[in-house]
Structures are given as C-alpha cells and as structure tokens.
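This briefing sets out the strand pairing, the nonpolar cores and the overall dimensions of one protein model. Please read it alongside the sequence and the structure.

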Amino acid sequence: MFTTTILTLSLLVTSTSQWPGFLAGDASQADGPAIPVEWSPSSNIRWQAALPGYGQSTPVVHGGVAYVTCVEGKMKEKSTVVAIDIATGSEKWRYSLDSSEQVESSTYVSRAAPTPVVDDDRLICFFESGDLVCLDHDGKEMWKRSLTKEYGAFQNRFCIGASPAQDAEKVFLLIDHEGPSYAMAVNKTNGETIWKTDRSGRMSWSSPSLLEIDGKPQLVASSAGSVDGYDPETGKQLWTYGDVGGNTAPTPIAAGKNQFLLGASPGPRGETRDQAARSNGLMRIEMQDGKPEAKLVWQAGKALSTFASPVVHQGFGYWVNQTGVVFCFDMQTGEEKYSERLAESCWATPVGIDDRIYFFGQKGNTTVIAAGPEHKQLAVNRLWEAEAAETNEGDRPSFGGRTQYGAVAVGDCLLVRTGDILYCVGK
C-alpha cells in the first residue's frame, strides 16, 4: 500500500520546476535560501511516500510531479513507474509492465537503476531488463520496446545501470556489457531507432552525457577504459581517449567551455587503483588539424570516485571517494584546496545549492558544507532513525540496509530517494 505522512504543504514547486534526467537538473533554479540546511526524522521532513517496489534511480520532476521507477517481485518480474504529487506526497498514478528479462532481485544486482528522462510531452523509462517505455504525463503508454529481445540479453553479472540522456527529439542509451555493446539514439515520438553504433564489450554502469563542445552538442561516454565522443545526429564517433581506467560508474559532468570532469574508482578491492588515480580530473576537447582531440588538462591528485560523480560548484570541483573523503579543487588551476572526511561514504552525486553543497551519505547521514576553498561543515543531518546494522565494513561500503541513492532540488525542497521510500525535505 502506498502511504504518505504529510507534515506541511507550504510548497513552492511550480509548473516550471524541473529535473528532467540523471544529473540533468539545475539546482540554481531552486529556491536555495528556503531549502533547509538542517533536518532530522522529526523536523523539516514534509512527507515520505512508500514505493510499491525497490529502485536505485533518481526521481525526475516536471510540473510539480515526481516520477520514480522501481522493480517488484523476487525475480524483478514487474517494472513500475509511480507519479507522485510533490505538494502532498500522494500518488497520482502507477504504471507497470512485465519485465522482458527476469533476474533474481538481490543487493548485488541493479534494481531499477537507470533514471528516466522527462520533457513537456512524455516520460521515457529504461529498465535493466531491456524494456524501454514511453508514457504521457497521465501514465498512458505511448510506445514500448525491448532491447534484449531485439539485440540480445545483457551479459553483466550486476545488471545494467546506465541512465539515458536526451535532447528535444531523441533519447540516447549506452549499453555497455560483456556481450555486444552499443550506443543508440531512439526517436522520442515513435520509439524507432535513429542510429545504433557498436562498441567494444566492457562491464560498466556509467551514463552518457550530452555536452556542448564548440557550440554543438556531443554525446560523451566515460566507460571502462575509454572516453568517447559521438555525433548525436548520426552516431559517428568523433574522438576517443584511452589512457583511463576504473571509469565504470561516474558520469562526465560539464565544467565550462569544451570541458568536463571525469571520475574513476579504484574498485571494491582496489584492483583498478593505479589506473583510476590518473583518470580523475578535468578533460578538454581541442581542435587539432581540424579534428577534435581529448586532453586531460589536470589530474585530481589523490582524489578518487566511487558511484558518485564529481561536481562543479562556484568555481570548485569536488570528488568523494569510497571512504567518504571529499576533495576540493580549484577549477582554473587544478590545485587541491583540501581533503576532509564526511560523515560517511556517498553513493548519490552531491548537489550544490547557493553557497553550500549537500553530500548524501549512503546510510542516511547528509553532510552539508560551505562552498569554497576552505572546508567548513554546516550540518550533518539524519533522514531516518539509525539502526545498529547501518555501518560500513571498515573502508568498504556495505551493500545491505537502507541507502540514499539520489536527490534532486526543486522549488523549496529536496527530494531524496531510498530503495523503497521517497522523502520530501523542506521547511
């Protein structure tokens, strides 16, 4: 049963409040001064909405409605989308489809990990089962297709995790796994393939980004051994950079003209540490003899990533490693300003709002720090009452228990998603 607890309705989310895709929102459009710096299980939590299944995707927002995906059943038999009214936390509608490929649901496989995309006309959801479905804003199915039925099952023991990207006409998918891998563009109106480009097989969960390079969009993918740029109109590969490793989860983040941040992880047992150490930093695309060429402008020293992507905020770049240490760098010079430990490791990508940055810890502790070259902790906030089992195993994150998977800032509130609950944090 879908339940809500409503504490207040003084919400400023309007029809213009949007968070259209994975790491695609603009927190600067939120009402920063109104968003709380502090909260607890008994204060500044407006409502919490129980979801019908479990998921790891970030909510997307359009017109005062949050759309959240999850999977249901022991074998992830159902893939489900829920629309939630942000003002009240009440369910507007629910849509489910039978999963094309069924895998036993456990803490070691992705569960509704890809984040949807939404625009003025439709919501497009992709699931690790290979199901791609388009719905209108009332939850009516417009089209659907199964990539696993068309191109073969995904060969990844942890399942697929990459979220789609979009432009006005197309949705872009990056399907990297140990079988035949590919990138593709799909027509948002009818679901037909516009282009499909083959890639070498690799096990990865990172999402592509649509970035502006020399005034034109490029689809950029940082994934398990290479960073690649594609023409979003044709799927033609424009450039590649191969001196990277451990880049299996973080997404490329725009960082100024023709530039973006890269993140890479040492792996759960440190198996890619040497490669990852030279793969976190600032990358720039420059024209050489009329052709684009990727160059690593500076490396982020000892900084490493985990599942969270690095972020840029007010002229500084931030990385969070698997033990919960945040590294701050000057974006212009690449100089490390500080490294300090947070309350806990972060799986969700941080969110910068006004003069502060929110780091959503894996087990429910959110650390808020001041933006800038000096470390200043403003608050450590607990979203739910802690349980004894919610501890990290040494320097490695624990995969059990409740986890903060993603957060977005819209209007005067934060929407924070755990596996089976969506929280609204607001004064």
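Ala-221 stands opposite Asp-228 in strand 17. The model is predicted: local features need pLDDT of at least 70, side-chain atom pairs count only at pLDDT 80 or more, and totals for chains, interfaces and linings use all residues. Residues are numbered from 1 along each chain as its sequence is written, and side-chain values use heavy atoms, with hydrogens and water left out.

**Open sheet**

- Strand 16 (residues 216–223) and strand 17 (residues 226–230) run antiparallel and are joined by 5 bridges; strands are DSSP runs of E with at least two residues, helices are runs of H or I with at least four residues, and both are numbered from the N terminus.
- These strands belong to an open sheet of 4 strands in the order 15-16-17-18, with antiparallel pairing; two strands pair if DSSP finds at least two bridges between them.
- Strand 15 (209–213) and strand 18 (237–241) are at the edges with a single partner strand each, so one side of each lacks a neighbour in the sheet.
- From one strand to the next, the twist averages 30°, where axes are lines fitted to C-alpha atoms and angles run from 0 to 180 degrees between N-to-C directions.

**Hairpin of strands 13 and 14**

- Strand 13 (residues 181–187) pairs with strand 14 (residues 193–199) in the antiparallel sense over 6 bridges, and Met-184 stands opposite Lys-196 in strand 14.
- The two strands form a hairpin with 5 residues between them, and Gly-191 in the turn has a positive phi of about 80°.

**Nonpolar cores**

- The largest nonpolar core has 37 residues, and Ala-409, Leu-414 and Leu-415 have the most contacts inside it; such a core is a set of buried Ala, Val, Leu, Ile, Met, Phe, Trp, Tyr and Cys residues joined through side-chain atoms within 4.5 Å.
- Elements giving two or more residues to this core include strand 2 (45–50), strand 31 (406–410) and strand 32 (413–417), while the largest share, 5 residues, comes from strand 33.
- Leu-414 touches residues including Trp-39, Phe-360 and Tyr-423, not counting residues up to four places away in sequence; contact means heavy atoms within 4.5 Å.
- A second, separate core of 16 residues includes Val-65, Tyr-95, Phe-127 and Leu-135.

**Whole protein**

- The secondary structure comes to 2 helices and 33 strands.
- Of the 427 residues, 59% count as buried, meaning under 20% relative accessible area with a 1.4 Å probe and protein chains only.
- The C-alpha trace spans about 60 × 50 × 40 Å along its principal axes.

Definitions and conventions: Buried means under 20% relative accessible area, exposed over 50%, partly exposed in between (1.4 Å probe, protein chains only).
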